[in-house]
Amino acid sequence: MKKKWTVRTFVAIALLSSLSFILMFIKFPIPSFPSFLTVDFSDVPVLIAALLYGPLGAIVTELIKNILNYLSIGSEAGVPIGNLANFFAGILFVLPTYYIYRSLRTKKGMTFALLGGTFSMAIFMSILNYFVILPAYLYFMNFSVGNVKDYIVSGVLPFNIVKGIIVTILFMLMFSRMQTWIEKHSVLKNR
């Protein structure tokens, strides 16, 4: 049985989206990776939205975050390729995490779920980068990265694994203190 979203749910998703949007500005590159591949913690509020409001809550939060980011700073390419990449990376990280954790509702289960989300993001973002994202950047930005396959295998794939592990560590530090609160306030109890 589906539960309807209340005004409180919409306000909470708006707040989580806003927090996620602000966290997008706090980013840093990882040495030895291209400087435009940066880590931010904007998926942490999206993870909370998923745990509280389910997959749709996570998708809406991720979407609002990226729309706000694009409207506020635009894109170097003129089209929101980076925002689309961020949206898909977030969804490919958060949704597998949500579905795995839903079956294993413990702290160890969340750690396993986050690692599953990390590998999901790393693998599928590598595929998306090969077929869609990188060709779009190359077309609109008119630059070259050399051998695309080597670039993805040596850059995009390991970067997403490292990024996922960093976000996993941060989220687990928070989750260990918030698990009871999240379970109490989740609108998706017993699912």
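Residues are numbered from 1 along each chain as its sequence is written, and side-chain values use heavy atoms, with hydrogens and water left out. In this predicted model, local features need pLDDT of at least 70 and side-chain atom pairs count only at pLDDT 80 or more, while totals for chains, interfaces and linings use all residues.

Start with empty space. Rolling a probe the size of a water molecule over the atoms shows where such space is left. A pocket here is an open set of points on a 1 Å grid over the protein atoms alone, where a 1.4 Å probe fits, with protein on both sides within 12 Å along at least five of seven lines. The largest pocket holds about 900 Å³ of space. That volume is the space filled by probe spheres set on the points, which are joined across faces, edges and corners. The lining of the largest pocket counts 28 residues, and Phe-36, Thr-38, Gly-82, Asn-83 and Tyr-137 are the closest to its centre. A lining residue has an atom within 4 Å of a point.

Which elements supply at least two residues each of this lining? They are β2 (38-40), α2 (43-73), α3 (81-103), α4 (107-141) and α5 (148-185). Helices (H or I, at least four residues) and strands (E, at least two) are DSSP runs, numbered from the N terminus. Helix α4 gives the most to the lining, with 6 residues. By class, the lining has 15 nonpolar, 9 polar and 4 charged residues. Ala, Val, Leu, Ile, Met, Phe, Trp, Tyr, Cys and Pro count as nonpolar; Asp, Glu, Lys and Arg count as charged; the others, Gly among them, count as polar.

The elements that give two or more residues to the patch are α4 and α5. Again α4 gives the most, here with 8 residues. Phe-119 lies in α4. This residue counts as partly exposed because its relative accessibility is 42%, between the limits for buried (under 20%) and exposed (over 50%).

How many salt bridges does a search of the whole structure find? It finds 2. Such a bridge is a side-chain nitrogen of Lys or Arg within 4 Å of a carboxyl oxygen of Asp or Glu. One joins Asp-43 and Lys-65 at 3.2 Å, N to O. The other joins Glu-62 and Lys-65 at 2.6 Å, N to O. Together, Asp-43, Glu-62 and Lys-65 are linked in a network. Glu-62 and Lys-65 both lie in α2, 3 residues apart, about one turn of the helix. Are these two buried or exposed? Both are buried. Lys-65 has a relative accessible area of 0%. Asp-43, at 4%, is buried too.

Two more places deserve a look. Lys-4 sits in the segment before α1 (7-23). Lys-4 counts as exposed because its relative accessibility is 75%. In sequence, Lys-4 and Val-187 are 183 residues apart, yet in space they are 9.3 Å apart, C-alpha to C-alpha. Ser-32 is found in the loop between β1 (27-29) and β2. Its phi is positive, about 80°, although Ser-32 is not a glycine. At 74% relative accessibility, Ser-32 counts as exposed.

Note on methods. Buried means under 20% relative accessible area, exposed over 50%, partly exposed in between (1.4 Å probe, protein chains only).
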